[in-house]
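This report describes the fold context of selected side chains and the packing of several helices. The sequence and the structure are shown first.

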Amino acid sequence: MRQAPFIAVEGPIGAGKTTLSSMLAETLHLPIIKEIVEENPFLDKFYQNMDDWSFQLEMFFLCNRYKQLEDTITQYIEKGKPVISDYHIYKNLIFSERTLKGTKRDKYRQIYHVLTDDLPKPDIILYIRADLDTLLARIAKRGRSFEEGMDKAYLQQLIEDYDDAMSSLAAREPSTIIMTIDGNTVDFVENRMHYEEIAAKVKELME
Ligand SMILES: Nc1ncnc2c1ncn2[C@@H]1O[C@H](COP(=O)(O)OP(=O)(O)OP(=O)(O)O)[C@@H](O)[C@H]1O
Ligand SMILES: Nc1nc(=O)c2ncn([C@H]3C[C@H](O)[C@@H](CO)O3)c2[nH]1
């Protein structure tokens, strides 16, 4: 591993990305990049009417993540400092391929590639997989109003899209390390030993 890894935590909605990345940032003394949620003006509208709001939402996420990635590069990667993020920019494509249709999807895909293809990507991905019941329970526990009544078919589709995306990323970028965590059985919140095992593995991967 090069001296300063760029680590991303990924997984479908409610998998525990922010929770795990925050815990690791503290244990491993890493700066953390978190995605913008509360300030997002389109999430609420999107969950009420996906067809009407998906393009605005996807573009908002893309622009925000692009800016955060630019800042991450100048503040950490170019200076040889390790950093952890609670997402991989590739998630823009995972979501947009599902939520957009027709010419909007084609245009969005082009913009995504123009903006991101030449930028550094994470070296290590911690991929938290979890099934529908686990995710629904965690989303309910978190209690964000706009996620109440989350469409189960949408979430199930995203679970499958994430699996496909991680497999294709592994095939396309064999140098990226993908560590898969079974979010159904590994409980890094309630079980300290489970968490410490993950932290130890991540530390080892960073060396
Ligand atoms: N392993 C776990 N065991 C029990 N609860 C968990 C676990 N992981 C996360 N949670 C809880 O589930 C909820 C969702 O976690 P979190 O916000 O970290 O998910 P996320 O993947 O970042 O979500 P999003 O995709 O919406 O950004 C939180 O209330 C968190 O405390
Ligand atoms: N459509 C869509 N595209 C994205 O790139 C994206 N990233 C996150 N989300 C949703 C999941 C959580 O509800 C909430 C917080 O993660 O926002 C997204 N939704």
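Helices (H or I, at least four residues) and strands (E, at least two) are DSSP runs, numbered from the N terminus. In these terms, D151 lies in the loop between α6 (132-142) and α7 (152-172). The structure is a predicted model, in which local features need pLDDT of at least 70, side-chain atom pairs count only at pLDDT 80 or more, and totals for chains, interfaces and linings use all residues. Residues are numbered from 1 along each chain as its sequence is written, chains are lettered from A and ligands numbered from 1 in the order in which they are written, and side-chain values use heavy atoms, with hydrogens and water left out.

**Annotated features**

UniProt, in an unreviewed entry, places the feature "domain: Deoxynucleoside kinase" at residues 7-206. UniProt positions are given in the numbering used here, feature names are shortened, and annotations may be inferred rather than shown by experiment. Over residues 7-206 the chain is 58% helix and 10% strand, and the end C-alpha atoms are 9 Å apart. The unreviewed entry also lists D86 under "active site". D86 is found in the loop between β3 (83-85) and α4 (91-99).

**Selected residues**

Accessibility is classed by relative accessible area: buried means under 20%, exposed over 50%, and partly exposed in between (1.4 Å probe, protein chains only).

| Residue | Relative accessible area | Class |
|---|---|---|
| D86 | 2% | buried |
| R65 | 5% | buried |
| D123 | 14% | buried |
| D151 | 43% | partly exposed |

Contact means heavy atoms within 4.5 Å. A polar contact is a pair of N or O atoms within 3.5 Å; within protein, one must be able to donate a hydrogen and the other to accept it, and residues adjacent in sequence count only if both atoms are side-chain atoms.

Not counting residues up to four places away in sequence, D86 touches V9, K17, T18, S21, I33, K34 and E35. With T18, the side chain of D86 forms a polar contact of 2.9 Å.

R65 belongs to helix α3. Its side chain is joined by polar contacts to that of E35 at 2.6 Å and to that of N92 at 3.0 Å. Neighbours within four places in sequence aside, R65 is in contact with E35, Y87, I89, K91 and N92.

D123 is placed in the loop between α5 and β4 (124-129). The side chain of D123 reaches the backbone nitrogen of F6 at 2.6 Å. For D151, the C-alpha to C-alpha distance to L136 is 9.9 Å, across 15 residues in sequence.

**Helix packing**

Axes are lines fitted to C-alpha atoms, for helices over the stretch in contact, and angles run from 0 to 180 degrees between N-to-C directions. Angles under 35 degrees count as roughly parallel, over 145 as roughly antiparallel, 65 to 115 as roughly perpendicular and the rest as oblique.

The axes of α4 and helix α5 (residues 102-116) are 10 Å apart, at an angle of about 175°. α4 is therefore roughly antiparallel to α5. In this packing, N92, L93, S96 and E97 of α4 meet R105, Y108, R109, Y112 and H113 of α5.

Helix α3 (residues 50-77) and α5 have axes that come within 11 Å and cross at roughly 0°, so the two helices are roughly parallel to each other. F55, E58, M59, L62 and Y66 of α3 make the contact with K104, Y108, I111, Y112 and L115 of α5.
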